[in-house]
Amino acid sequence: IFFRSILIMNHSGPKYYSDGGCADVCSASPPPRNAWGFAPAQSSLAFFGATILCIYLLGQVSTASSAVWAAPQNSRVPHFSRGLRRPLAPAIHAEVDIQKSAAAVQTSPSAVARRGAIALVTAGLASVNQQANAIQGMTAGRVPGFSDEIDERGFRKYMRPQGKSGGHGVGWSEIPQYSFDVHETFEEVAVSIADLGGTEIDARFQSKTHGDIAIIVAPVLRFKDIGFNARVTIDQLAQPQQIVEGFAPEVMGNPIEEEDVASTIVEERDGLLYYQFEVRPRTIICATATGNRLFLLVTKSSYRQWSQHADELRDIARSFRVPTVL
């Protein structure tokens with residue numbers, strides 16, 4: 001339509017012959033023409049129309065190509081992801097299967113019946129899970145465990161809150177309420193699997209003046225195959241040097257040698273045997289075992305913190321107590 005109007009405009013008005021004559025009555029000289037026979041104004045309109053047409057065609061092509069990429073390609077991965085085809089394929093197939101299943105449920109006459117059957121199966125599985133013998137605490141996160149009383153040294157007691165959850169899986173008994181004395185400058189901080197000790201860290205504490213404390217709760221099966229729900233003490237698991245060497249890579253980040261252990265104390269506290277080590281550099285490890293778990297309290301400090309508060313850090317380790325699991 002646009003070019004038709006241009007053509008009409010081009011042939012309307014006075015008509016001039018090649019010799020300069022005018023077919024109609026006119027007093028003006030013939031307007032200048034370009035190589036295609038259009039006047040300047042008409043050429044501008046033609047160029048503008050052609051530009052609009054090109055923009056429109058490009059928009060149509062872009063819309064079509066977007067629709068092609070957005071549509072499922074028979075669960076095929078685009079060519080630039082071929083290197084990741086294997087890890088991505090299960091997720092893609094799962095998504096396609098979910099879409100097909102959803103469509104089938106919406107269109108099938110027996111969709112309601114199938115939904116009812118699925119609900120019954122789910123309820124049955126849930127009832128089975130509820131019968132598990134796990135009594136792990138269900139209170140997640142950092143639950144306050146510090147006492148309000150602070151003694152003349154600036155120490156207060158920390159006791160693991162009853163019911164606090166732990167990352168040891170279904171089937172484990174609840175973690176005993178271990179306790180220890182700690183300086184008032186220590187505060188509990190979030191536990192991360194990136195920390196030394198990984199998922200076996202039960203609690204972490206930090207002090208700008210004294211250093212760091214970590215409580216590690218590990219299964220005794222790491223040292224000895226003793227069966228499910230066993231009741232052992234630390235001397236039944238391994239000798240002191242084996243215990244400290246076994247956990248050194250986790251709590252210190254690297255293996256240790258026998259000469260790295262500056263001191264070893266073996267003593268009984270409230271009827272339970274404890275191993276306490278001082279390991280270079282500036283690390284104290286106190287370990288005991290009861291039930292089917294091994295408990296470790298680990299303190300780490302900088303050179304300045306150790307030089308000023310080494311005795312207080314030793315007192316923290318000596319105060320570590322775990323109730324005996326009967």
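Author: Let us begin with surface patches. A patch is made of residues with over 30% relative accessible area and no salt bridge, and nonpolar side chains are joined within 5 Å. Please note that the model before us is predicted.

Reader: Which residues form a nonpolar patch on the surface?

Author: The nonpolar patch consists of F48, I52 and I55, which together have about 310 Å² of accessible area. One of these residues, I52, belongs to helix α2, which covers residues 40–70.

Reader: Is I52 buried, partly exposed or exposed, and why?

Author: The class between the two cut-offs, under 20% for buried and over 50% for exposed, is called partly exposed. I52 is partly exposed because its relative accessibility is 43%.

Reader: How should I read a salt bridge?

Author: The general idea is that side chains of opposite charge can pair when their charged atoms come close. In this structure the count comes to 13 salt bridges. One of them joins the side chains of D202 and R160, with 2.8 Å from N to O. This pair links distant parts of the chain, 42 residues apart: D202 is in strand β4 (residues 201–207), while R160 is in the loop between β1 (155–159) and β2 (179–183).

Reader: Are D202 and R160 buried or exposed?

Author: Both D202 and R160 are buried.

Reader: Which residue forms a salt bridge with E278?

Author: The partner of E278 is R314, and their closest N and O atoms are 2.4 Å apart. Here too the pair links distant parts of the chain, since E278 lies in strand β7 (residues 272–279) and R314 in helix α7 (residues 303–318), 36 residues apart. E278 counts as buried because its relative accessibility is 17%, whereas R314, at 21%, is partly exposed.

Reader: What does Q241 touch, not counting residues up to four places away in sequence?

Author: For a contact, one looks for heavy atoms within 4.5 Å. With those sequence neighbours left out, Q241 touches E257, E258 and V261. Q241 itself lies in helix α6 (residues 240–252), and its relative accessible area of 23% makes Q241 partly exposed. A separation can also be read between C-alpha atoms: those of Q241 and T264 are 8.7 Å apart, although the two residues are 23 residues apart along the chain.

Definitions and conventions:
Residues are numbered from 1 along each chain as its sequence is written. This is a predicted model: local features need pLDDT of at least 70, side-chain atom pairs count only at pLDDT 80 or more; totals for chains, interfaces and linings use all residues. Side-chain values use heavy atoms; hydrogens and water are left out. Helices (H or I, at least four residues) and strands (E, at least two) are DSSP runs, numbered from the N terminus. Buried means under 20% relative accessible area, exposed over 50%, partly exposed in between (1.4 Å probe, protein chains only). Patches are made of residues with over 30% relative accessible area and no salt bridge: like charges are joined within 9 Å, nonpolar side chains (Val, Leu, Ile, Met, Phe, Trp, Tyr) within 5 Å. Accessible areas come from the Shrake-Rupley method with a 1.4 Å probe; for residues, only the protein chains shown count as cover. A salt bridge is a side-chain nitrogen of Lys or Arg within 4 Å of a carboxyl oxygen of Asp or Glu.
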